[in-house]
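This briefing looks at how the chains of one assembly meet, and at the fold of one of them. Please keep the sequence and the structure in view while reading.

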Amino acid sequence: MEKKLSEMKYEEEGIVTDIEETLRKKVAGMGIRVGKRLKMITKQPVKGPVVVAVDEAITSLGLDVAEKIIVEMKS
Amino acid sequence: MNVLLMGHPNVGKSVFFNRLTGANVTESNYPGTTVDFTKGWMKIDGEDAELVDVPGTFSLDPKDKAEEVAVAMLHENKDAKVICVIDASKIERGVYLALEILEEGYPMVIALNMWDAAVDKNILIDINNLQRILGVPVVSTVAISGEGIKELTLKLKEAKPIKIEDIVKNAGGLT
Amino acid sequence: MKLTIDQRWDLIDKIAKQTVTFGEYRHTLKDAIGELTIKPFTGIPIAIAVMYAFWSIFSSFAGTLFTDGFMVKLFDGHFLPWMQDIFPGAGGWLYYIIVGDPLANNSFEALGVLTSGFFVAIGVVLPAIFIFYLMLALLEDMGYMPRLAVLIDTVLHRIGLHGYAIVPTILSLGCNVPGVAATRILETKKQRFIMMTLLAIFIPCGAQIGIMEEVIPDTMGWVLLYLITGYFIFGYILNKIVPGKSPEFLIDVPPYRKPMISNLSKKVWGRIVGFFKVALPFVLLGCGIVNVLYLVGFIDWVGNVFSPVFVLWFGVPEATAGPLIAAFLRKDLAVAQLSVIEMTPYQMISAVVLVSIYFPCVATFAMMIKEGVKEMLGALAVLFVVVFLYGGLIHLIGILLGVA
Ligand SMILES: Nc1nc2c(ncn2[C@@H]2O[C@H](COP(=O)(O)OP(=O)(O)OP(=O)(O)O)[C@@H](O)[C@H]2O)c(=O)[nH]1
Ligand SMILES: [Mg+2]
């Protein structure tokens, strides 16, 4: 099942399947790319940012950014 | 010789800079501590070399002003050698930046810093093989204790421009 | 040859496969704390506790323990009477500039360069700077700042910034100069402009907070409240009127690390050296200049000319003219000088807020010029408007509450 990164729940894991074109360059340097496994760590309330683990790195992305990243959920 | 310390934010570049030049730039555990470059002098084999502490950047497409300073610094110093500092526990994205810099033809040595943290996390890196594939000297370092720093500076002399085609070939081709 | 993004990652995957093996990794206590401090349910209470602890340690160490417990006794009990005694020519102009009031029985009221100047700098500001930077260095080196940034992101979005703007803001609470430099970690011109303007206007520096803690301990809460409220109100307005984009937050959260004593002491020591090299001379110089301006009658003249503005618009005594001039050099000195002017508690609150917002100190001003003359001029224009509107508003609130 696919969903937006912004819709993932705590502790859920998935593999990135699509990133909006305009964003690719910006997140590439942080190791976020199609095919990468991500794990949701927390979501902040009131449209706050999400915090995800990418390999050993913990990265926080604003909600608008997280909405542009599509993830295939690990079942 | 002109040497630039480049790498992602918060990987230990300023610690290297202070150790190598005896300077006193700020080191902190958050990305974006260094927002402007600082120059200093170090000795390599008895010779003076200029070393620059560059703000951290995730890629060569700058997203904020500190990163702009970093990329501008690289482009203004076409004849510089680069010490690319990589957090060994986040090696993949570190190599991303290293490749970008190599693609522009800069001679490079790679410091796999925070080696202690990588060991704690049970991450094993085959340095010889990495060196063979990339064609650039790779040294494991722990900047805060000074481990590997001497070796790293000595390797600077071996740094030379690399053809990306060679890296691709050594890695077994692209898909 | 240049690779595309996808080719580069493809290549990296190949390289990583041949060179990196991830072993079994058990989560440690550090990771657990790392998560607790970033998850909202636990993270927000912890953040509040951390800030509260920061504040209580700061005020009890700098204010109560050091300044009241030691420095006041030293300066008022020994240094001031000694200076008043040995310095020749009581009543003369030189005596007035250097020692000040020959009858003063505390170091604030003497107002001389070597009496009040030294006391403000060494007795009050130095301990404040010491403890502030020690605690800031701890937070920085532990790796707490990015977590705070994540937690506060939502709030700062409302004013066109994002969570990472907490870094320049906190650095500014120590000193506006590094704070202004740190605006470079923000992405767009719009964000940097908003940030720089808000810092220059609303964020009091550590030296100023230290002195407020000493001279207006009961009412400084109001001053801070007015400043924080102003930060958000005018941030909100600036966000609406400044053209440009406010991109989203994208940051890396490093693992916690054990702070190294060597690095902590290096940072604190650097600040103390900076204090003696820059802050101390400026405080003394500011003290001297203001005394000379008093002697030649310039300050009374300014006070008279602008009397309607001071009294009618801002609701503060015209004598505040002197401290406002000193504030251009050092805000801490200005607050100290305000404290000896006769006025009601609410006037004192208004006056201290005015001193904070009306102009950045020279050092900050110089740093703003370095970051861009156009931005600096823009910030000053905003500042001018804000001082008038906000200063008037504070007066109005006082009138409505019946305390002005
Ligand atoms: N455990 C460990 N920590 C390190 C090592 N090298 C640096 N650090 C810590 O990592 C943090 C970042 O170091 P800096 O030198 O400030 O990083 P930087 O690369 O200059 O970062 P920016 O200025 O933000 O680009 C500091 O807290 C250092 O103490 C290392 O080899 N091992
Ligand atoms: Mg640095």
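Two strands are taken to pair if DSSP finds at least two bridges between them. In this predicted model, that rule applies where I125(B) stands opposite V20(C) in β1(C), since the strands concerned, β6(B) and β1(C) (residues 20-22), pair in the antiparallel sense over 3 bridges.

**Chain B against chain C**

- The contact involves 52 residues of chain B and 49 residues of chain C, and the two chains bury about 4500 Å² between them, with 56% of that area on carbon and sulfur atoms.
- Across this interface there are 8 salt bridges, one of which links D252(C) to R93(B), with the closest N and O atoms 2.6 Å apart.
- The count of residue pairs in polar contact across the interface of chain B and chain C, both residues being at pLDDT 80 or more, is 26.
- On the side of chain B that touches chain C, at least two residues come from each of α2 (65-76), α3 (91-103), β6 (123-125), α5 (127-134) and α7 (164-171), and the largest share, 8 residues, is supplied by α3(B).
- By class, the residues on that side of chain B are 24 nonpolar, 12 polar and 16 charged.

**The sheet of chain B**

- An open sheet of 6 strands runs in the order β2-β3-β1-β4-β5-β7 in chain B, with mixed pairing.
- Because β2 (38-44) and β7 (138-140) of chain B stand at the edges with a single partner strand each, one side of each is left without a neighbour in the sheet.
- Neighbouring strands of this sheet are turned against each other by 25 degrees on average, direction ignored.

**A loop glycine of chain B**

- G32(B) is placed in the loop between α1 (13-21) and β2 of chain B, and its C-alpha atom is separated by 6.7 Å from that of G56(B), 24 residues apart along the chain.
- When neighbours within four places in sequence are left aside, G32(B) is in contact with P9(B) and I185(C).

**Chain A and its partners**

- Chain A gives 28 residues and chain C 21 residues to their contact, which buries about 2200 Å², 61% of it from carbon and sulfur atoms.
- In chain A, the residues that lose the most area to chain C are R33(A), Q44(A) and S60(A), together 23% of what that side buries.
- There are 3 salt bridges across the interface of chain A and chain C, among them the one in which the side chains of D6(C) and R24(A) meet at 3.8 Å, N to O.
- The strand β5(A) and β2(C) (residues 250-253) pair in the antiparallel sense over 4 bridges, with S60(A) opposite I251(C) in β2(C).
- Of the 32 salt bridges that the structure holds over all chains, one is formed by K25(A) and D61(B), whose closest N and O atoms are 3.6 Å apart.
- K25(A) lies in helix α1 (residues 21-28) of chain A and D61(B) in the loop between β3 and α2 of chain B, so this pair joins two chains.

Note on methods: Residues are numbered from 1 along each chain as its sequence is written. Chains are lettered from A and ligands numbered from 1 in the order in which they are written. This is a predicted model: local features need pLDDT of at least 70, side-chain atom pairs count only at pLDDT 80 or more; totals for chains, interfaces and linings use all residues. Side-chain values use heavy atoms; hydrogens and water are left out. Contact means heavy atoms within 4.5 Å. Buried area is the accessible area (1.4 Å probe) that two parts lose on being put together, summed over both. A salt bridge is a side-chain nitrogen of Lys or Arg within 4 Å of a carboxyl oxygen of Asp or Glu. A polar contact is a pair of N or O atoms within 3.5 Å; within protein, one must be able to donate a hydrogen and the other to accept it, and residues adjacent in sequence count only if both atoms are side-chain atoms. Ala, Val, Leu, Ile, Met, Phe, Trp, Tyr, Cys and Pro count as nonpolar, Asp, Glu, Lys and Arg as charged, and the others, Gly among them, as polar. Axes are lines fitted to C-alpha atoms, for helices over the stretch in contact, and angles run from 0 to 180 degrees between N-to-C directions.
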